[in-house]
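Let's take a friendly walk through a protein structure together. Have the sequence and the 3D view open, and look up each residue as we come to it.

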Amino acid sequence: MIGGAGMLLAASPAQAADVSYKTECIPPPISGLPAVQGTTKVQLTVPAAAKVGDTVEVVWKTVEAASRNPDVLDLDKDTVKPTGTVKLGGAATGDLKMEGPRQNPAIPKNSPMILPDMKGSLKLEKAGDLTLTPDGYNINVSKPLSTDTKCSPKETVQPGATIKVTDGGGATTGGADTGGADAGGADAGGADAGGADAGGADTGGADDGGADAGGADTGGTDAGGATAGSGGSGGATDFPGKEVAVDFACKSPGPAAIAGKVTINAKKDGGSYGLTVKTAKGVMDSPADLPAGALKPSMKIVIGGADKGSVNVTGPGNPAPLETGKPVDLPDMTGTYKPGASGKSTLTPGTLTIDVTLGTSKINIPCTVKGTPKASLELDTTAQQGGASGGDTAGSGGAAAAGGTASGGGLAATGAEDNGALRALGLVAGTAILLGGAVFTFTPWRRLRSGR
């Protein structure tokens, strides 16, 4: 019924009418914003009359969007693409998909949204009065990140147009979908900035196994992580850790909770240890279409047992572009542990931080450990001058409890609390975009996966 091939009918005079309806636009959960309430005014243009078998063109003109572009970001020329749905009634039922071009003038901050017209084609199959009613719509902005805002009616919408369909005697066929983009708003052309590479999901190279990283097997993969004398005697230099499950609680604008698996491996170098921290493959889904190098992980490793303190480990940015919602392998994170006490010292995963950087702007998402995870590695350490004991060897946080939970001092600052999260997102060159009092878009994060 919807769409279909054939010549578009424009023989009879076209009719156009405005219809207004209360609209709710839903910001992504990561923005921390409530739903935006506004009014949408739409003008539908269709032929006043047509015959069964004809294919007609429907034009949706957004006379007034639900609200203004917020006072956060200027939208560039030709970055806005709308898609929507028209409900059919009377002589036809179903949904007609509508799609507009990525075409708009530059839209300054704190000014009305200007959306290009959407179009769809409809093959008529039954005589009678056919009503067309505007329904939900989506707005996609392509730069600097591909972002979507979904809006839906909050009241019964009156028909915006009616076509009087007469029986022309022609055979009818099932109409194919017009091919318009789904109301989810993804750009079928893939032109959205962010340039997601379909292959870019597995970007970090994180090794799910993790237990053998670091080289030679020293026989220590239990909670102790190393054979007797490891780290101090016997000539061993490589100490693989045990994969441990860790639950995190994240602060806005991050997800509420994530879960994953972490392995800490060590390689002895003199009196210090080079640490390599691995997460399970597919540890998270990409929050948005991101260019190469935009997403970087870091973690605070908590030192317990004989020694006390923490060590920061960091990873490089994603080597290839990331696609929204696709699994991401976080790259290995590395750092150096210099013992500050002699004895058996444990290394336990602590605060995980995800940094998303665009140009000179950055979003910092800290995720602290929930509960008391198990230690991934135990080492026989020898105190070194200027070692960790009681402090943070990387200079960003305080001592952690011997039980292995991250200290409060280790929580990285986000630069945004409560309503400040809105501004923090808005300042990241386009992570805050769109309709209705600021609709931000990193696609909501999936929960961290437990591995493959």
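Start at Tyr337, which, beyond its neighbours within four places in sequence, is in contact with Ser272, Tyr273, Leu275, Ile303, Asp307, Val311, Ser345, Leu347, Leu379, Thr381 and Ala388. Keep in mind as you look that this is a predicted model. Tyr337 also belongs to the largest nonpolar core, which has 40 residues; together with Met299, Tyr337 touches the most other members. Which strand gives this core its largest share? That is strand E23, residues 343-358, with 5 residues. Apart from this core lies another one, of 39 residues, including Val36, Leu124, Cys151 and Val157. In soluble globular proteins, nonpolar side chains tend to be buried together.

Next, find Ser298 in strand E19, which covers residues 295-305. Is Ser298 buried or exposed? Its relative accessibility is 17%, and buried means under 20%, so Ser298 counts as buried. Now compare sequence and space: Ser298 and Val313 are 15 residues apart in sequence, while their C-alpha atoms are 5.6 Å apart. Setting aside residues up to four places away in sequence, Ser298 touches Val313, Thr314, Met333, Thr351, Leu352 and Thr353.

Thr62 counts as buried because its relative accessibility is 13%. Its side chain makes a polar contact, at 3.0 Å, with the side chain of Trp60. Leaving aside neighbours within four places in sequence, Thr62 is in contact with Lys41 and Leu115.

Now turn to two loops. Asp78 sits between strand E6 (68-69) and strand E7 (80-90), and Asn110 sits between strand E8 (94-99) and strand E9 (111-112). Asp78 is not a glycine, yet it has a positive phi of about 55 degrees. Asn110, also not a glycine, has a positive phi of about 55 degrees. How accessible are they? Asp78 has 31% relative accessibility, so it counts as partly exposed; Asn110, at 46%, counts as partly exposed too.

Finally, look at the confidence of the prediction. The protein averages a pLDDT of 72, and 63% of the residues score at least 70. Over residues 170-233, however, the pLDDT is below 50, although the model has 168 contacts for this stretch beyond near neighbours in sequence. Residues 394-452 also stay under 50, with 194 contacts beyond four places in sequence. Where pLDDT is low, the predicted coordinates should not be read in detail.

Key: Residues are numbered from 1 along each chain as its sequence is written. This is a predicted model: local features need pLDDT of at least 70, side-chain atom pairs count only at pLDDT 80 or more; totals for chains, interfaces and linings use all residues. Side-chain values use heavy atoms; hydrogens and water are left out. Buried means under 20% relative accessible area, exposed over 50%, partly exposed in between (1.4 Å probe, protein chains only). A polar contact is a pair of N or O atoms within 3.5 Å; within protein, one must be able to donate a hydrogen and the other to accept it, and residues adjacent in sequence count only if both atoms are side-chain atoms. Contact means heavy atoms within 4.5 Å. Helices (H or I, at least four residues) and strands (E, at least two) are DSSP runs, numbered from the N terminus. A nonpolar core is a set of buried Ala, Val, Leu, Ile, Met, Phe, Trp, Tyr and Cys residues joined through side-chain atoms within 4.5 Å. pLDDT is the predictor's confidence in each residue, from 0 to 100.
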